[in-house]
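These are my notes from a first pass through a structure that was new to me. I went through it piece by piece and wrote down what I looked up.

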Amino acid sequence: MIKLENVTKIFPSKKGKNVTALDNVTISVNKGEIHGVIGYSGAGKSTLIRCANLLETPSQGKVWIDGIELTKLSKEKLRKTRQKVGMIFQHFNLLKTATVYDNIAIPLKLLGISKSEIAERVIKYLKIVDLAEKKDAYPSQLSGGQKQRVAIARALSQEPQVLLSDEATSALDPETTNSILELLLKINAELGITILLITHEMNVIQKICDYVYVIENGDLIEQGSTIDLFTKPKQPTTKKFLNTISQRKLSDRLIDDLNLEGKVIRLTFLGESTGQPLLSKVTQQFYVEPNILSANIIELKNGIIGNLVVHLIGSEHQVQHSLSFLQEQGVEVEELGVN
Ligand SMILES: Nc1ncnc2c1ncn2[C@@H]1O[C@H](COP(=O)(O)OP(=O)(O)OP(=O)(O)O)[C@@H](O)[C@H]1O
């Protein structure tokens, strides 16, 4: 449904030092899925999402939406095809001097849609975002979460097949963030809208994405299903992002305080391995003593992952055997480093 193929974006600079904001990036979002792009500030996220609807023209590469190659369309055809693509932004981009109703109605008017159809759509989509009672309010009378709901209704009212989300929850508190993420899940499930989002927050990826791309300095450094990325991250940057959700490193202080010797292991349980008493089997079969330092459960859109950080006390030989056993049972095993 959305495809960027070998997209490179180079911004020329007057001083002659060009900036490569995206370097040969390929992403492909299937119809009905939610894909997320995560990266630190300056990684190229905004450039990528702006290339997806050609708000930014790639220096090289091709962009498709719903099988149509945007990069070879005339301006007129591009304008028409863009109607398939809605967009929401971090700072909502509402007209301050217009009511909620008009914020949604004005762009529809510009598209030449009839007054009665506009009235129908405004009410329909305000109901979907649960804000019908605010139709006569002005943006200054709304909370951040409500403003984003209006922006979502405005995007939906053009009945797009694709929604691009540019850090849509970054300006919101955690509770409001959750409610907006739930709304995005609802419109994905009920209206079948394909979503591509950019974010620097791993909890956004965790809660709503089927698939993740990690970008750094314009390069796509890692990608995979959200479950794979959370259980088997490869790149240090991906691990750093995951560290914001659950601990992947131990601080020097913790090591000192616990007076740890031997191995500290992170065990990630997924699928069948979550239902079995594997740690007690390890204790019985390999004579190691697991001391649990932390435990948590991460709920992803498409599954649940259990994490245990364990200090395994025993001879090196016994510890190695128990780790091999756990891996054979489908548990991801990672030795934790120190910060
Ligand atoms: N119009 C532009 N002209 C020149 N350089 C640009 C332009 N837009 C972006 N860049 C540069 O491209 C690189 C990627 O920027 P981009 O805004 O895509 O990153 P980002 O990941 O969205 O960052 P942030 O999260 O801070 O918005 C940065 O080095 C930025 O300075």
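Predicted model: local features only at pLDDT ≥ 70, side-chain atom pairs only at ≥ 80, totals over all residues.

**Entry 1**

Strand β9 covers residues 211-216 and strand β10 covers residues 219-225, and the two pair in the antiparallel sense over six bridges.

**Entry 2**

Next I traced an open sheet of four strands. I read its order as β2-β1-β4-β5, and the pairing is antiparallel. Which strands are at the edges? They are β2 (19-29) and β5 (68-69), each of which pairs on one side only.

I then followed β4, residues 60-65, to its partner β5; the two are antiparallel over two bridges. In this pair I found W64 opposite E69 of β5.

A helix packs on this sheet: α1, residues 45-52, touches β1 (2-11), β2 and β4. I noted an angle of about 125° between the direction of α1 and that of β1.

**Entry 2: the ligand**

I asked which residues surround the ligand. I listed F11, V19, A21, G39, S41, G42, A43, G44, K45, S46, T47 and H200. The elements from the previous entry came up again, as β2 and α1 each supply at least two residues of this shell. The largest share is from α1, with three residues. Sorted by class, the shell has four nonpolar, seven polar and one charged residues.

**Entry 3: α3 with α4**

I moved on to the helix pairs. Helix α3 is residues 100-110 and helix α4 is residues 115-128; they pack at an angle of about 135°, and their axes are 10 Å apart. Are they roughly parallel, roughly antiparallel, roughly perpendicular or oblique? Roughly antiparallel needs an angle over 145 degrees, and the range for roughly perpendicular is 65 to 115. I therefore put α3 and α4 down as oblique to each other. Their crossing is right-handed.

From α3, I found Y101, I104, A105, L108 and K109 in the contact; from α4, I found I118, R121, V122 and Y125. The residues of this contact divide into seven nonpolar, no polar and two charged.

**Entry 4: α3 with α5**

I stayed with α3 and looked up its packing with α5. Their axes come within 9 Å and cross at roughly 25°. Angles under 35 degrees count as roughly parallel, so I recorded α3 and α5 as roughly parallel to each other. The crossing of α3 past α5 is right-handed.

On the α3 side I wrote down V100, N103, I104, P107 and L108, and on the α5 side V150, A153, R154 and S157. By class, I have six nonpolar, two polar and one charged residues in this contact.

**Entry 5: α5 with α6**

I followed α5 to its packing with α6. Helix α5 is residues 144-157 and helix α6 is residues 174-191; their axes come within 10 Å and cross at roughly 20°. That makes α5 roughly parallel to α6. I noted the crossing as right-handed.

The α5 residues in this contact are G144, G145, Q148, R149, I152 and L156, and those of α6 are T176, S179, I180, L183 and I187. I counted the classes as five nonpolar, five polar and one charged.

**Entry 6: the sheet with β11**

Last, I traced another open sheet of four strands. The order is β12-β13-β11-β14, with antiparallel pairing. I marked β12 (289-300) and β14 (332-335) as the edge strands, each pairing on one side only. From one strand to the next, the twist averages 20°.

Inside this sheet I checked β11, residues 263-270, against β13, residues 303-313: they are antiparallel over eight bridges. One position I wrote down is T268, which stands opposite N307 in β13.

Methods:
Residues numbered from 1 in each chain as written. Pairing = 2+ DSSP bridges. Contact = placed C-beta atoms within 7 Å. Axes fitted to C-alpha atoms, helices over the stretch in contact; angles between N-to-C directions. Left-handed = near helix turned anticlockwise from the far one by under 90°. Nonpolar A, V, L, I, M, F, W, Y, C, P; charged D, E, K, R; others polar. Near = placed C-beta within 6 Å.
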